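Hi everyone, thanks for coming. Let me put the model up on the screen, and then we can walk through it together.

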Amino acid sequence: MTRPIIGVTVSDRSGWRIFPLINLNLWLAGARGVRWGAKRDCDLSKVDGIVIGGGDDIGPELYGGTLGVSARLDHDRDELERSLAEQAADLNMPVLGICRGAQMLNVALGGTLDQNAWQTFGMDNKIKTILPKREICVDNDTLLAKHTGPEPMKVNALHTQAVKELGEGLQVCARDTAGMVQAIERTSDPFAIGVQWHPEHLFYAHRQRAIFHALVAAARARRERRGQNEAARAEARLA
C-alpha cells in the first residue's frame with residue numbers, strides 16, 4: 001500500500017533539524033513527509049494530511065491580541081499556516097498541530113491565545129526543556145486518550161503562549177497540573193489534534209509515536225473516503 005503523504009510546515013530557521021525528526025515519526029507510522037514553509041511550494045492537492053510544526057509565537061493580530069507582546073514573529077509563516085488550516089477544514093483533510101501548530105489550529109478555527117501563559121499560571125510552574133519534564137493529564141473519552149492512554153504522562157512543553165478560548169468544534173483533551181491547556185482535538189471529522197509539546201523529539205516513547213499513528217490512520221481514511229476519527233480510533237485498538 002502506498003504511504004500517505006503528509007505536508008509538514010516548519011520554520012525557515014530551524015526546519016533543517018525539525019523536519020527530519022517529524023518525518024522519522026511519520027515514517028515509523030507508515031507515512032512520508034514533505035517539507036513545507038513560507039518560501040516553499042505548498043500544494044494541498046498533493047498530500048493526504050498536514051502537520052503544522054512548532055516555532056515562533058503567532059502574531060497576536062490574528063486573534064485580536066495586542067501587538068508587541070510576542071518577541072519573535074514570522075508573519076509570512078502565520079499567513080501560510082492559517083490559510084492551510086482553514087483550507088484543510090474545508091477539504092476534509094486531517095491535521096496534527098505541534099506546539100505553535102496546536103495554537104494555529106485553534107486560531108484558524110476562531111479561537112484565541114493567552115499571550116503570557118506563564119504569568120497567568122505562575123512562573124514557578126514554568127518548565128522549558130526538550131526533556132519530558134512537564135506532567136499532563138489526558139481527559140478520558142477523548143481521541144487523544146484512545147491513543148496515548150488516559151494515565152498522566154511527562155512531556156516537553158517549550159511554549160510561551162497557550163490556548164485560551166477554544167476554536168469552533170474543538171475540545172480540550174489534556175491539561176498540565178497547573179491547569180494550562182496542553183492538547184486540543186476536533187470532536188468530528190475532519191481529524192484534528194493539537195499538542196502543545198514536541199512528540200517528534202520523543203520518538204522512543206510509544207505513547208508519543210501513537211499521536212503520529214493517529215494522524216496517518218486518518219490520512220489513509222481520507223484517501224479511501226472513510227471516516228477519519230473512526231479510523232483513528234480503530235488504529236488505537238490495534239496498536
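First, the ground rules. What we have here is a predicted model, where local features need pLDDT of at least 70, side-chain atom pairs count only at pLDDT 80 or more, and totals for chains, interfaces and linings use all residues. Residues are numbered from 1 along each chain as its sequence is written, and side-chain values use heavy atoms, with hydrogens and water left out.

Let's start with charge. Asp 12, Glu 61, Asp 76 and Glu 79 come together on the surface as a patch of negative charge. Patches take residues with over 30% relative accessible area and no salt bridge, joining like charges within 9 Å and nonpolar side chains (Val, Leu, Ile, Met, Phe, Trp, Tyr) within 5 Å. The areas are Shrake-Rupley values with a 1.4 Å probe, and for residues only the protein chains shown count as cover. A salt bridge here is a side-chain nitrogen of Lys or Arg within 4 Å of a carboxyl oxygen of Asp or Glu. Asp and Glu are the negative residues, Lys and Arg the positive ones, while His and the chain ends are not counted. Each charge is placed at NZ of Lys, CZ of Arg, CG of Asp or CD of Glu.

Where does Asp 12 lie? You'll find Asp 12 in the loop between strand E1 (5–9) and helix H1 (15–28). These are DSSP runs numbered from the N terminus: helices are H or I with at least four residues, strands E with at least two. Asp 12 is partly exposed at 36% relative accessible area; buried means under 20%, exposed over 50%, and partly exposed in between (1.4 Å probe, protein chains only).

Now the nonpolar patch: Leu 24, Leu 28, Phe 203 and Tyr 204 make one of about 380 Å². Phe 203 is partly exposed at 32%, and Tyr 204 is exposed at 54%. Tyr 204 sits in the loop between strand E11 (192–195) and helix H6 (206–223). Leu 202 is in the loop between E11 and H6 too, yet Leu 202 is buried, at 3%.

Finally, helix H3 (residues 100–108). Is it buried or exposed? Nine of its nine residues are buried, so H3 is largely enclosed by the rest of the structure. Among them are Arg 100, Gln 103 and Asn 106. Just after H3, Gly 110 has a positive phi of about 95 degrees.
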